[in-house]
Amino acid sequence: ELHQAYLYLGNHKEFPVSLKVGRQELSYGDERVVGAFGWNNIGRVFDAAKVRWQNSWFGVDAFTSRLVVPDDNNFNTANDYEFFSGAYFNTKKIPKNWTEFYVLARNVSPKAATFSAPFTTPAPFNTSARDIYTIGLRLKSATNEWGNFDYTFEGAGQFGSWKRPGTATVRPNQRDDQEAFAVALNAGYTFPDSFGTPRVAVEYAFATGDSDPNDDTHGTFDNLYPTN
């Protein structure tokens, strides 16, 4: 197998633009929607092309990719019917905060399930067809700017379409409108003068589900490619 192999061109200390092309991990924020799934035996990688613009004010990644599907005893290949693209923006210019904004697109053809079926792979590799677009915002307290307190907030909304499961004769091509969102909040306090500098925190996370499977709306949030 080949987990990562890519070409990287650029040096942000000399020029604002860099390019990374090849098999690579994609990981952003707390990995709630995009992560490398590093604790898993296999992990997650993409065959991707990513351009980054970085200056003293902000940075932004723009990428397009195909998900690599594990295939036991054979060389892993990218799914030609599942594309993941997006832009991920970050800045430290908002006082006392690290701010991230992202727009992501997951486009899965009906042929994706056929591509995955021969392989003994668990979810999320065997997925139904969908065209889901995610817009999200993540705020994180800057280091040492809030005393011993810290916090992280992330919210995301989704629109697009999701193919309802069916057969060749029952709802073969019906798609439901994607209308979903998710929020997560984590706040904590660190005791710097205590042994081991313990941190106490509270976290709340919520994502919508589908209240009526028989209507024309799919309300279940698709958390894309997370490190769950």
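A polar contact here is a pair of N or O atoms within 3.5 Å; within protein, one must be able to donate a hydrogen and the other to accept it, and residues adjacent in sequence count only if both atoms are side-chain atoms. Keep that in mind for several stops below.

This is a predicted model, in which local features need pLDDT of at least 70 and side-chain atom pairs count only at pLDDT 80 or more, while totals for chains, interfaces and linings use all residues. Residues are numbered from 1 along each chain as its sequence is written, and side-chain values use heavy atoms, with hydrogens and water left out.

**Whole chain**

Start with a cartoon view. Helices (H or I, at least four residues) and strands (E, at least two) are DSSP runs, numbered from the N terminus. Along the sequence the order is β-β-β-β-β-β-α-β-β-β-β-β. Taken along the principal axes, the C-alpha atoms fill a box of roughly 65 × 45 × 35 Å.

Switch to a surface. The accessible surface comes to about 12800 Å², and carbon and sulfur atoms hold 59% of it. Such areas come from the Shrake-Rupley method with a 1.4 Å probe; for residues, only the protein chains shown count as cover. Of the 228 residues, 37% count as buried. Buried means under 20% relative accessible area, exposed over 50%, partly exposed in between (1.4 Å probe, protein chains only).

**Asp222**

Select Asp222, in the segment after strand E11 (217-218). Is Asp222 buried or exposed? Asp222 counts as buried because its relative accessible area is 8%. Show its side chain. It makes a polar contact with the side chain of Arg106 at 2.9 Å. A polar atom of the Asp222 side chain also lies 2.9 Å from the backbone nitrogen of Leu224.

Beyond four places in sequence, Asp222 touches Arg106, Arg130, Ile132, Gln158 and Gln178.

**The core**

Next, select Val33, Val34, Phe46, Phe84 and Leu104. In the largest nonpolar core, which has 18 residues, these touch the most other members. A nonpolar core is a set of buried Ala, Val, Leu, Ile, Met, Phe, Trp, Tyr and Cys residues joined through side-chain atoms within 4.5 Å. Colour the elements that give two or more residues to this core: strands E3 (46-54), E4 (58-69), E5 (77-91), E6 (97-108) and E9 (175-190).

Zoom in on Val33. Which residues does Val33 touch, not counting those up to four places away in sequence? They are Tyr102, Leu104, Glu154, Phe221, Asn223, Leu224, Tyr225 and Pro226.

**Thr91**

Move to Thr91 in strand E5. Thr91 is buried, since its relative accessibility is 9%. Its side chain has a polar atom 2.7 Å from the backbone oxygen of Trp57. That side chain of Thr91 also reaches the backbone nitrogen of Lys93 at 3.1 Å. Beyond four places in sequence, Thr91 contacts Trp57, Phe58, Asn97, Trp98 and Thr99.

Select Ser18 in strand E2. Ser18 is buried because its relative accessibility is 4%. Its side chain makes a polar contact with the His12 side chain at 3.0 Å. Among the contacts of Ser18 beyond four places in sequence are Tyr8, Leu9 and Val51.

Leu9 lies in strand E1. Leu9 is partly exposed, as its relative accessible area is 46%.

**Loops**

Asn74 sits between E4 and E5. Asn74 is partly exposed, with a relative accessible area of 44%. Which residue is 73 residues from Asn74 along the chain, with its C-alpha atom 7.8 Å away? It is Glu1.

Most residues other than glycine have a negative phi. Glu31, in the loop between E2 and E3, has a positive phi near 60°. Thr197, in the loop between E9 and strand E10 (199-207), has a positive phi of about 40°. Thr197 is partly exposed, at 44% relative accessible area.

Conventions. Contact = heavy atoms within 4.5 Å.
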